Amino acid sequence: MSEITTDVVKHVANLARIDVQSEEKAEEFTKELDAIVDYAKQLDELPLSETEPMFHALDLTNVMREDEASEPLSQDEALSNSKSTEDGQFKVPKML
Amino acid sequence: MNIYELTVEELYEKIAQKEMKPSEVVGALFEDIEKIDDTLGSFLFVNKENALKQAEHLDELQAQDKMEGELFGVPMGIKDNIVTKDVLTTCASRMLEDFHPIYDATVMEKLNGESSVLMGKNNMDEFAMGGSNETSYFKNVRNPWDTDAVPGGSSGGSAAAVAAGLVPYSLGSDTGGSVRQPASFCGVVGMKPTYGRVSRYGLVAFASSLDQIGPITRNVRDNAKILNIISGTNHRDATSMPDVDQDFLEGIDADLSGKKIAVPEEFLGEGIDQEVTDAVEKAIKTFEDMGATVDRVSFPHIKYVVSAYYLIASSEASSNLARFDGIRYGYRAEGTKTLEELYRKTRAEGFGEEVKRRILLGTFVLSAGHYDQYYIRAQKLRSKLEEDMLKTFEDYDLIIGPTTTSAAYDIGEKIDDKLRMYKDDILTIPANLTGMPSISIPCGLSGKKRPIGLQIIGNHFEESKVYNAAYKFEEKYNLHEELKEVQKELR
């Protein structure tokens, strides 16, 4: 058994800001995630303590560009895909 | 001669020679799309009005002998996770059902710059998460070879449209096999270039350290030609590598004698269908007949790659998809009273189940107490795998094997067993984890007459070697005639 329980799923869904919607769904996700995490435990059998993690496929260095001003997006464009705007701003429900 | 059978190079030639007008080509393919895409479902949006207008303009330029661009008048399909200015881009998700991008992806700027004509946006698995195109919010895609079968995924619409002759080429994206696996299932050619070869600017991010855009075509030369055009560095993507100004068509027909090829024994062992193994063994023989040496090697870490991939890709996805909050673009839930509630409801209603599953998995993996155990171990496995593969490339030019564990399966056959579907990606994942280029080309047909794909993997930035081997193999074996039958049958 892995450590995935419905409580873990609900906690993680809360962190990800996704409503689980129903107890039934929570249980479904629990079962599926449990199977995947359980399978991934196979990595535990490998001796990896001396190995460096590889976060990226390429050796990358910072690439700098000239700090030159260019034409930005217009306000209209930036707001054009939003469902709710007012006075040139994104409009959201109250925060508190 | 049928327009739908013509390749990128043939269409370009015929238009350049004024044997055909761009509007004739574009018009004929729209007729085909209207006739058969209700069945196939390979397009989510058909860009007819814009494309016809552009084609008429190109007709005028043709008449005035002012044809410019290496793809002048050649139609294209584009996977719906690549943004196209003012043209609907949904990622096959309810979340972006009415999203009209305000800019073009770099690859679109390049293709538009060569006067290619955008025919529409290709269906896909939602946010590129899936291997059968069954997670699309809008509709399934059917395999042109057998409409009971899946086309593969996530670039299933792209592969199906190219195979069916609705477009001569399409772009897909490949995070764990999403260009190569559908290319294999649909009997066409799909390339995942080296990570960093093609700018990802304007590709809706799934797993940023793995994602790469690649061409899907009906033959190897067309594929190399499209990659020539879309590759190159770009200041908007800091992970795109500096231009090396390579022409992938140069030396594509070079002799293979003396080339050294490795076949990982794990690629032909347990879990691979016998008919796939048989087709690949035949392909190995073909390479030997062409003068290449083929040896068996072992990659002991292959059996861990599915675990590592799903931990890493889901982690990156959970972070990348945090941007879909209902505020600046995309779906917004109705009737919410607080900002918190808006986020939670928007994301619950806007994302499909597979996307949520992966966000939850990724959030779990990155959460306190699990990061070292899962995420770091997965990244360490990645180092081990790269070590194995780089060592092989010290002695060998290429690695070959099957693209998939089986030919295309039936729609509905596997969708309920998530882990089983994940495990199917074992053969394509290594190239993503290591960033190496890899192509899928047809190498056989299954008993049910469904295509089988051969995968050819090269070392970093050695696409030329990959294309060379693929082209020489294609001269000996291809499905071009069979595909024409499939296309005729559909019409």
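Leaving aside its neighbours within four places in sequence, with which residues is V198(B) in contact? Counting heavy atoms within 4.5 Å as contact, V198(B) touches V107(B), P193(B), Q212(B), I213(B), L227(B), I230(B), S231(B) and D237(B). One of these, L227(B), is 29 residues away from V198(B) in sequence, and the two are 8.3 Å apart in space, C-alpha to C-alpha. V198(B) sits in the loop between β5 (189–192) and β6 (212–217) of chain B. V198(B) has a relative accessible area of 0% and is therefore buried (under 20% relative accessible area; exposed is over 50%, partly exposed in between; 1.4 Å probe, protein chains only). Helices (H or I, at least four residues) and strands (E, at least two) are DSSP runs, numbered from the N terminus.

This is a predicted model, in which local features need pLDDT of at least 70, side-chain atom pairs count only at pLDDT 80 or more, and totals for chains, interfaces and linings use all residues. Residues are numbered from 1 along each chain as its sequence is written, chains are lettered from A and ligands numbered from 1 in the order in which they are written, and side-chain values use heavy atoms, with hydrogens and water left out. The predictor's confidence in each residue is pLDDT, from 0 to 100. Chain B has an average pLDDT of 96, and 99% of the residues score at least 70. For the complex, the predictor gives an ipTM of 0.95 and a pTM of 0.97.

Strand β2 (residues 75–79) of chain B is mostly covered, with five of its five residues buried. In a regular strand the side chains alternate between the two faces of the sheet. From β2(B), P75(B), G77(B) and K79(B) point one way, while M76(B) and I78(B) point the other way. Strand β2(B) runs parallel to strand β3 (residues 117–122) of chain B, and five bridges join them (strands pair if DSSP finds at least two bridges between them). V117(B) in β3(B) is the bridge partner of P75(B).

The next topic is the spaces in the protein. On a 1 Å grid over the protein atoms alone, a cavity is a set of points where a 1.4 Å probe fits but cannot get out, and a pocket is an open set with protein on both sides within 12 Å along at least five of seven lines; lining residues have an atom within 4 Å of a point. Grid points are joined across faces, edges and corners, and a volume is the space filled by probe spheres set on the points.

There are three cavities of 30 Å³ or more. The largest cavity has a volume of about 290 Å³. Its lining has 29 residues, and G130(B), G131(B), Y310(B), M421(B) and D425(B) lie nearest its centre. Among the elements of chain B that each supply at least two lining residues are α6 (180–186) and α9 (305–320). The most comes from α13(B), with three residues.

The second largest cavity has a volume of about 60 Å³. Residues that line the second largest cavity include G187(B), R218(B), F473(B) and H480(B).

Of its 16 lining residues, E270(B), G271(B), I272(B), K423(B) and I426(B) are the closest to its centre.
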